[in-house]
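Hi,

Here is the structure I said I would pass on. Have a look at it first, and my notes on it follow below.

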Amino acid sequence: MRKNEVIIIMTIIAICLTTVLLMKYGATAPEKKVLKVTINKEIVLERQITSTENTNVDLFLPSGHTATLVINDGRVRILTLPEEICPRGICSHTGWIKSPGEIIVCLPNRIVISLH
Amino acid sequence: MNTKDISIIAMLSVLAALTGYIESLLLVPIVPGAKLGFANIISIYAIYKLAFRHLIAIILVRTMLTSILLGTFLSVGYFLSFSGAVVSGLAMYLIYKKFARVSLVFLSIIGAILHNLAQMAVAYFFIGYAYVYFLPYLVLMAVPSGCIVGFISQRIIQQSNMPAYETQNDDASKFFNG
């Protein structure tokens, strides 16, 4: 690679690293977090979760299936969906999310689970 | 399109589709949508050795074949990989034509980054802005994976006995005018 090319790539890496570090350590962890779930860009659930809450929430998908969210100790995850609507299971592989700004995305079902 | 064109396109498309399929079986993505992108080797090969019409045909056929093999044809994932492959293929072709001295590894890294940007733009239509959260992670992973793909492509292009395909007529405008 030539010198200018290395400089361009290094700049891109620097911008991305700064963004990642700001996203990870820039935000302070508040006591109460807001859980927001959207399906097809429409908000289907938006409420506060506390660090002691321990519940399961069912989401009814347009495809007729039900997705289950597990809320536990201020963390959230989605249980594995049937393979015919979520072939690669990326959403359940994401695991627990606990800090504001983290998200779980299930692209085949257009579900976005985020914490604020 | 003559018989030679069709057979070149068929061979390389199947090769790229199988590479993409095997890769998706081997790797569990850390970030949704992140993968090495070995199928991009074929796009780069087509840019360096073949004409514009081969490049476009290979991209169209290979994204379709891979998604049929994976069972994601016409789902959200298909549109993401399709848009990413088309945008990165076109961008790499244009950069290669515009700056003849550009190095192959740099081309591959830029292609990988643009692949992610195009995917994000299409993902906006399905899930809104949420996918932006993954963008810095995806770009950070695109740099090393683009490097690996670039080095492999460089090796393949050096070793290949196939002469560059009609380089004097290799022009995008010829493709569009028939």
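Helix α2 (residues 40–49) and helix α4 (residues 76–98), both of chain B, pack at an angle of about 35°, and their axes are 10 Å apart. Axes here are lines fitted to C-alpha atoms, for helices over the stretch in contact, and angles run from 0 to 180 degrees between N-to-C directions. The crossing of α2(B) with α4(B) is right-handed, meaning that the near helix is turned clockwise from the far one by less than a right angle. On the α2(B) side the contact is made by Ser43(B), Ile44(B) and Ile47(B), and on the α4(B) side by Gly89(B), Met92(B), Tyr93(B) and Tyr96(B). Contact between two residues means C-beta atoms, placed from the backbone, within 7 Å. Five of these contact residues are nonpolar, two polar and none charged. For the classes, Ala, Val, Leu, Ile, Met, Phe, Trp, Tyr, Cys and Pro count as nonpolar, Asp, Glu, Lys and Arg as charged, and the others, Gly among them, as polar.

Before going on, please note that this is a predicted model: local features need pLDDT of at least 70, side-chain atom pairs count only at pLDDT 80 or more, and totals for chains, interfaces and linings use all residues. Residues are numbered from 1 along each chain as its sequence is written, while chains are lettered from A and ligands numbered from 1 in the order in which they are written.

Now for where the chains meet: 22 residues of chain A are in contact with 24 residues of chain B. On chain A, α1 (3–25), α2 (90–93), β6 (103–106) and β7 (111–115) each supply at least two residues, and α1(A) gives the most, with eight. That side of chain A has 14 nonpolar, four polar and four charged residues. Helices (H or I, at least four residues) and strands (E, at least two) are DSSP runs, numbered from the N terminus.

Chain A also has an open antiparallel sheet in the order β3-β4-β5. β3 (54–60) and β5 (75–78) of chain A are at its edges with a single partner strand each, so one side of each has no neighbour in the sheet. Strands pair if DSSP finds at least two bridges between them; β3(A) and β4(A) (residues 66–72) have seven, in the antiparallel sense. Asp58(A) sits opposite Thr68(A) in β4(A).

Another open antiparallel sheet of chain A runs β2-β1-β7-β6. Within it, β1(A) (residues 33–39) and β7(A) pair over five bridges, and Val37(A) stands opposite Ile113(A) in β7(A).

Cheers
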